[in-house]
Amino acid sequence: MKQYKKRSISKRFFCLALATIIIATACTSTDTCSKKSTGQIFLYGEIHGVPMLMNRQLEIWHDYYHNRNMRHMFIEFAYFTAEFLNNWMRSYNDDILYELFNDWAGTLAHNPHVLEFFRTIKREFPETIFHGIDVGHGYYSEGRRFLQYLKNNDKQGTLGYLLTLEAIEQGENFYRTRDLEYRVAAMSENFIRAFDKLQGQSVMGIFGAAHTRFGLMGGHEGFPGMAERLRERYGDSLHVVDLSLLTLISEPIRVDIISINNVYYEASYFGTDLTTFSTVIGNIVSRSFWRLENAYDDFRNKPTNGGFLPFDNYPMMIELNQVFIVDAAITDGSILRLFYRSDGDYWQFRPITTGFSVD
């Protein structure tokens with residue numbers, strides 16, 4: 001495997017701060033601040049906001065919670081967001097949850113199914129403890145608000161205060177640089193620190209599927225993903241299941257014949273989804289998906305047009321060297337036909353199909 005540079009995310013700041021509250025530590029750029037936990041890690045990859053997957057996650061957590069006495073859930077949110085959720089779990093109303101939900105506007109978490117997911121956890125699994133290990137998304141809103149909450153409760157200088165400051169710093173750094181390797185390294189170190197602190201307790205983690213896949217993110221010249229970094233530290237104690245595969249259609253609904261430049265191709269149809277996506281020509285209200293069979297060699301040299309579509313937009317599995325047609329229905333009643341091929345390209349560590357033009 002390609003050698004990679006390990007990054008230390010705010011390590012100097014964090015360990016010096018820990019020293020001020022009399023916690024002994026010895027950090028290096030290749031280790032963490034605590035002894036490696038002997039617990040088990042169960043990671044589940046998802047597509048954010050999909051009800052079917054959230055229902056499956058709740059079924060899995062029901063088993064872990066009631067049959068294995070697990071209480072700790074790691075989530076793809078910042079430290080301060082998870083702490084707000086933990087405060088909400090102990091509250092008598094949903095005020096905190098609704099305030100967070102407003103903060104999530106414009107993201108995949110701003111989804112009524114996400115609200116119901118958390119409400120179900122509070123109702124059926126009330127001893128759940130959330131751990132947020134992502135960089136500080138919402139550092140300017142919920143991050144600052146949680147910092148003020150700590151100040152109002154005379155908790156400056158506590159570990160929670162320092163971790164909030166660090167998460168805010170990580171969020172500011174990421175959104176200033178858009179450095180995805182920085183984010184993944186930060187997530188991994190945050191995860192390791194939080195997990196090792198539990199010393200022997202097992203945890204369930206729910207993250208976007210890209211973070212739970214082994215190997216490199218961003219292609220062959222990319223960098224190790226979170227799962228790969230965790231496997232390096234925990235080995236067989238790490239268990240990963242990609243739930244996003246549950247959303248994929250294995251067989252086409254039907255096979256059509258589509259003519260392109262007077263050449264006829266078998267086109268496997270995989271269905272139509274409803275969506276809301278704005279373009280320069282109007283709003284897309286639905287998309288229909290076909291895979292052109294045995295067509296890659298005919299289109300591999302067609303000029304690209306700057307468009308792309310991530311793999312997780314498709315209702316079926318995508319493999320290298322395939323060609324796809326996506327018919328996008330526009331609000332004015334027109335249909336925009338788009339062509340994509342799987343060349344092995346990536347965007348923001350997500351595998352994508354690349355748009356191309358047909359004469």
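Me: How do H2 and H5 pack, at what angle and how far apart are the axes?
Reply: Helix H2 (residues 51–67) and helix H5 (residues 112–124) pack at an angle of about 15°, and their axes are 10 Å apart. H2 is therefore roughly parallel to H5, a term for angles under 35 degrees. Helices are DSSP runs (H or I, at least four residues), and axes are lines fitted to C-alpha atoms over the stretch in contact, with angles running from 0 to 180 degrees between N-to-C directions. This is a predicted model, in which local features need pLDDT of at least 70, side-chain atom pairs count only at pLDDT 80 or more, and totals for chains, interfaces and linings use all residues. Residues are numbered from 1 along each chain as its sequence is written, and side-chain values use heavy atoms, without hydrogens and water.

Me: Which residues of H2 and H5 make the contact?
Reply: H2 contributes Pro51, Met54, Gln57, Leu58, Tyr65 and His66, while H5 contributes His113, Val114, Phe117, Thr120, Ile121 and Glu124. Contact means heavy atoms within 4.5 Å.

Me: Next, H4 and H6: what is the angle there?
Reply: Helix H4 (residues 95–103) and helix H6 (residues 139–152) pack at about 150°, with axes 9 Å apart. H4 is therefore roughly antiparallel to H6, the term for angles over 145 degrees. Glu99, Leu100 and Asp103 of H4 meet Ser141, Glu142 and Arg145 of H6.

Me: And what does phenylalanine 118 touch?
Reply: Leaving aside neighbours within four places in sequence, phenylalanine 118 is in contact with Phe77, Leu85, Trp88, Leu97, Trp104 and Phe130.

Key:
Helices (H or I, at least four residues) and strands (E, at least two) are DSSP runs, numbered from the N terminus. Angles under 35 degrees count as roughly parallel, over 145 as roughly antiparallel, 65 to 115 as roughly perpendicular and the rest as oblique.
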